[in-house]
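This briefing describes one structure by topic. Please keep the sequence and the 3D view at hand while reading.

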Amino acid sequence: MPLASIPDSEVSVGPFTQPTTSITVLMSVIVTTLNEEAAIERCLRRIVAVLPANAEVVVVDGGHDDTGRIVKSLVTEFPAIRYIRNENDRGKGHAVHVGLQAARGEYLLQIDADLQFLPEEMELLLEPLLANRADLVLGSRFKSGATRRPGSTPAVRSFGNWVVSWYATLLFGQRMTDVLAGMKAWRHTVTKEIHLTTETCSYDAELPVKAVAAGFRVIDVAITTDARQGGVSAIHVVRDGRRILWDLTCFRLGWK
Ligand SMILES: Nc1nc2c(ncn2[C@@H]2O[C@H](COP(=O)(O)OP(=O)(O)OP(=O)(O)O)[C@@H](O)[C@H]2O)c(=O)[nH]1
Ligand SMILES: [Mg+2]
């Protein structure tokens with residue numbers, strides 16, 4: 001079912017100032033951003049173009065470039081977009097926490113702002129949730145059938161991802177082909193039930209493995225990935241790779 005054709009729920013999303021109690025929101029799309037002025041407008045326009053009427057986009061901005069000004073101007077044009085300035089931003093995980101506190105949707109979808117993941121493919125992740133075949137869906141760059149466009153997955157990143165995904169698979173007993181997926185969707189109940197503790201990029205791995213450990217149905221679907229559209233990566237392969245492996249160990253042992 002195309003995302004945009006999902007039937008409206010009771011009330012459409014209004015501006016941020018609208019009282020939250022009387023609103024029914026089908027889906028909240030969380031976009032974390034750190035200095036993504038080159039891509040943010042195209043990213044949000046492409047998200048809004050496929051968004052159901054009763055959905056919202058929560059942008060959590062921790063950067064210091066022009067992103068905030070661009071998003072605020074889009075809020076005027078698209079009331080479904082909500083802008084959150086994350087003043088004491090402590091990493092992608094922290095930004096997601098902030099987005100989760102604001103999100104009102106029954107279903108959540110987190111997508112990176114740098115357009116490595118295609119907003120047009122959000123529906124691939126939402127469909128198994130709506131069909132009640134899964135509780136959390138990862139957009140996988142490495143599952144059979146995935147398309148990796150030129151520049152999207154440099155060899156060193158692919159290798160690091162392979163190591164981390166297999167480590168998570170072995171620790172948690174379920175094959176996950178891309179545990180660091182930058183686009184994923186889940187039922188809000190998942191993040192209400194599990195306890196996310198990391199504020200760094202380890203969040204990407206923490207969410208699926210803790211969902212698996214809590215008995216939720218986690219699946220992955222093949223998606224398309226593109227090269228980052230401008231901006232600078234926040235990831236340092238060796239530093240962050242070691243951090244994620246250590247954090248996965250802590251999640252398994254219940255230390256975090
Ligand atoms: N608010 C906030 N957003 C962040 C932070 N770090 C990364 N992000 C955003 O989270 C998304 C993923 O970060 P990326 O730097 O693209 O990480 P990545 O996709 O693993 O790395 P690349 O493949 O090099 O792009 C992007 O939209 C970033 O702008 C942060 O510290 N705070
Ligand atoms: Mg990226």
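A residue is called buried if 20 or more other C-beta atoms lie within 10 Å of its own, exposed if 12 or fewer do, and partly exposed in between, with C-beta atoms placed from the backbone. This is a predicted model, in which local features need pLDDT of at least 70, side-chain atom pairs count only at pLDDT 80 or more, and totals for chains, interfaces and linings use all residues. Residues are numbered from 1 along each chain as its sequence is written, while chains are lettered from A and ligands numbered from 1 in the order in which they are written. Helices (H or I, at least four residues) and strands (E, at least two) are DSSP runs, numbered from the N terminus.

- Strand E2 covers residues 55–61, and because seven of its seven residues are buried, the strand is largely enclosed by the rest of the structure.
- Two strands pair if DSSP finds at least two bridges between them; E1 (residues 25–33) runs parallel to E2 and is joined to it by seven bridges.
- Thr33 stands opposite Asp61 of E2.
- Between E1 and E2 the chain passes through helix H1 (residues 40–49) in a right-handed β-α-β crossover; right-handed means that, with the strands pointing away from the viewer, the path from the first strand over the helix to the second runs clockwise.
- E3 (residues 81–85) is also parallel to E2, with five bridges joining the two strands.
- Ile81 in E3 is the bridge partner of Val57.
- The chain crosses from E2 to E3 through helix H2 (residues 67–77), and this β-α-β crossover is right-handed.
- Val59 stands opposite Tyr83 in E3.

- Ala234 lies in the loop between E9 and H8.
- Ala234 is partly exposed because 17 other C-beta atoms lie within 10 Å.

**Two further positions**

- Thr225 belongs to strand E9 (residues 224–225).
- With 25 other C-beta atoms within 10 Å, Thr225 is buried.
- Apart from neighbours within four places in sequence, Thr225 is in contact (C-beta atoms, placed from the backbone, within 7 Å) with Gln116, Phe117, Arg141, Arg148, Arg149, Ser152 and Thr153.
- Arg239 is part of helix H8 (residues 237–253).
- Arg239 is exposed, because 10 other C-beta atoms lie within 10 Å.
- The C-alpha atoms of Arg239 and Val59 are 27 Å apart, and the two residues are 180 residues apart in sequence.

Definitions and conventions: Contact = placed C-beta atoms within 7 Å.
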